Amino acid sequence: MSNSCKKAYITTPIYYVNDIAHIGHAYTTIIADTVARYSRMSGLDTFFLTGTDEHGQKIEESAKIRGKSAQEYADEISATFKNLWDDFGISYDKFIRTTDAEHIKGVQKAFGVMYDNGDIYKDVYKGHYCISCETFFPESQLVDGEFCPECGKPTTIVEEESYFFRLSAYEEKLLAWYDENPDCILPKSKRNEVIRFVEGGLDDLSITRTSFDWGVKLPENLGDPKHVMYVWLDALMNYITALGYGTDEANMDFWPARVHLIGKDILRFHAIYWPAFLMSLGLPMPKHIAAHGWWTRDGEKMSKSKGNVVNPREVADAYGLDNFRYFMLREVPFGGDGDFSQKALIDRINSDLGNDLGNLLNRLIGMSGKYFEGKVDSANVAKYYQAELDEVHASLDKLEPLLFDMQIHKYLEELWRPLTVANKAIDKYQPWTLMKEGKEEEAMALNGLIAAILGKVSVMLYPVMPEVCTKISEALSFTIDNASWNALFKERKNLDTFIIEKIPPLFPRIEEPLLEQAEPEDIKTEPKTKVAEPAKAKEEGIALIGIDQFFQTSLKVGTVVKAEEIPKSKKLLLLQVDIGEENPRQVVAGIKKWYSANEMLGTQVCVVANLKPAKLMGLKSEGMLLAAKDENGLCMIRPEKPKTPGTPIS
Ligand code: ME8
């Protein structure tokens, strides 16, 4: 069957608008974009959905803290996601917002259908609720009887009238679905986790709230205006409301989804609740739910309050968007966790991209320029290099299933084999020797082979690195589209005769990190860590600590005995701070925007003295300075009167 009549619906999670995007969000979106681009290129009628999740108590509270209405706040943060994806050239077909009127209508319709089916009933809910995770947890799962097992924040006891979804009635049907569809959850190892969870028994799900307002109201005919829908019910429905469910249903023929791409943190919602809702609605099941792993920074989960969030825009600006895309998809096996480091990124750029791919193009430009005035002719490739072509096609043949099984790291690994074949062929047959021996036809065919390999690789790499591959294809005088995908990949053809275009190196070597590390000082100045009264802290979802925990931090008065600028750093100063020890402590402080080295010299500061040493711009930092930062800038926290260096602060 030709691909053109087949449909492919690809989705990302819709992201909460309580935070700005970090590389975790970018990762999911980039994988989905890659699959969508491949689907389109291969002729599938493709619909790629992303968007933002804007309702719920968490958003309502985040807005309140900032003195904004929930809608204002949602508009603002939703736009930051949309702008980022636009700047990243993410090829989405629709950006849905759960505050869209069509979405709200669709969710209400779905609620009505499930209610009419008898799958929804009214009762009273009492339980521990984590606002941050928007989830109820049974007492047995709480940490110290109070704290959320997922995020560690305090839970609140909620007792309220609620509508329930009869999830328990779907246990058997869900288990049958997992059983009959071995690849419905990817990677397959995750499917077993889900099966074990469901086999453990499912409770009915509370799907409405009365304690806050910021959500989708129930259908009017239920006459229960104080209820709003549970944010996960509202959010999951986006996958069908985006296709017009409940409004203009023209795009519903894209359903079921080919793949819902998600992070492993939200697998339960997608692999248990969502299929159960769909069964209740009488809609077909998605083909795959693919859960990727977690990106960490220096082994720790990224979070704003830890100050270790990697900003995708900064990384892409510094290293190039396509390089960043390649790195993320190549570095980590799908489903596994990955640790972000600039070193690993630089290694991938210099080695895989620079040495293997970029260099091959340079060699081709060099050889064809030197021997054939830039002309490349593939007419005789098969005559001389059939073995190489066979090897290349054997690798290319493995690619499609890898992509659709989300084994994208393996897809890229396999895609690099043809590059090795090409580089080896040059070393083995040596065009310069062929020319010396008068074997011009063979030398030209070798050029043709290299060009064909570069052409095939750039087509198949295009979904991951669209800009770079477009440049390569332009140098090789062809366009990447469904026709060239068919010719070079499916029909195993080579390129037509062309004159190669000289282009500057695609991957200039990178010698050292281009981004400054997150500064520990930023951690202290995050609004989330400001001191709050207990009640308020709870309301804001800030974890409370005991006095013992506070005293685990050693704070001391220090005197800056030496201060200098760090060449190349816009943010950092290098300080030596006397805190009453034998030698001064070296502290790398991110304060250069607000203080010169001279201004700091001789002043007193407050130092966190028992932090694990860290390296910033290659310099050891053995402490952290306390500071306060708001929209008007940063100022140091200092003792009111001079104190002996080393005086403890309590
Ligand atoms: O959960 N590493 O939204 P969310 C990898 N609104 N991926 C990460 C990540 C990390 N460190 N952090 C986040 C929600 N992600 C709901 C979804 S869908 C109907 C509703 C990615 O803003 C990952 O894909 O918390 C994760 O599933 C998603 O962001 C969660 O985004």
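Visitor: How far is a polar backbone atom of Gly-24 from a nitrogen atom of the ligand?
Guide: The distance between the ligand nitrogen and that backbone atom of Gly-24 is 3.4 Å. A polar contact here is a pair of N or O atoms within 3.5 Å; within protein, one must be able to donate a hydrogen and the other to accept it, and residues adjacent in sequence count only if both atoms are side-chain atoms.

Visitor: Where do these values come from, before we go on?
Guide: This is a predicted model, where local features need pLDDT of at least 70 and side-chain atom pairs count only at pLDDT 80 or more, while totals for chains, interfaces and linings use all residues. Residues are numbered from 1 along each chain as its sequence is written, and side-chain values use heavy atoms, with hydrogens and water left out.

Visitor: Back to the ligand. How far is a nitrogen atom of the ligand from the side chain of Asp-53?
Guide: An N or O atom in the Asp-53 side chain is 2.7 Å from a ligand nitrogen. Trp-295 takes part through its backbone: an N or O atom there is 2.8 Å from a nitrogen of the ligand.

Visitor: How much of the ligand's accessible area does the protein cover?
Guide: Of the 670 Å² that the ligand has on its own, the protein covers 94%. Accessible areas come from the Shrake-Rupley method with a 1.4 Å probe; for residues, only the protein chains shown count as cover.

Visitor: How many residues surround the ligand, and which are the closest?
Guide: The shell has 23 residues, and the closest are Ile-14, Tyr-16, Thr-28, Asp-53 and Trp-295.

Visitor: How does the shell divide by residue type?
Guide: There are 12 nonpolar, 9 polar and 2 charged residues in the shell. Ala, Val, Leu, Ile, Met, Phe, Trp, Tyr, Cys and Pro count as nonpolar, Asp, Glu, Lys and Arg as charged, and the others, Gly among them, as polar.

Visitor: Different topic. Where does helix α12 bend?
Guide: Helix α12 (residues 342–372) bends by about 50 degrees at Gly-354. The bend at a residue is the angle between axes fitted to the seven residues ending there and the seven starting there.

Visitor: What follows α12?
Guide: Glu-373 does, and its phi is positive, near 50 degrees. Glu-373 sits in the loop between α12 and β16 (375–376).

Visitor: Is Glu-373 buried or exposed? And Met-406, buried or exposed?
Guide: Glu-373 is exposed, at 74% relative accessible area, whereas Met-406 is buried, at 1%. Buried means under 20% relative accessible area, exposed over 50%, and partly exposed in between (1.4 Å probe, protein chains only).

Visitor: Which peptide bonds are cis?
Guide: The bond from Leu-186 to Pro-187 is cis, with omega near -10 degrees. Pro-187 is in the loop between β7 (185–186) and α6 (188–199). The bond from Trp-255 to Pro-256 is also cis, with omega near 5 degrees, and Pro-256 is in the loop between α8 and β11.

Visitor: What does Asn-447 touch?
Guide: Apart from neighbours within four places in sequence, Asn-447 is in contact (heavy atoms within 4.5 Å) with Leu-364, Met-367, Ser-368, Phe-372, Lys-375 and Val-376. Asn-447 belongs to helix α17 (residues 440–461) and is buried, with 1% relative accessibility.

Visitor: And where is Ser-621?
Guide: Ser-621 is in strand β23 (residues 619–621), and it is buried at 4%. A polar atom of the Ser-621 side chain is 3.4 Å from the backbone oxygen of Gly-623.

Notes:
Near = heavy atom within 4 Å. Helix = DSSP H or I, 4+ residues; strand = E, 2+ residues; numbered from the N terminus.
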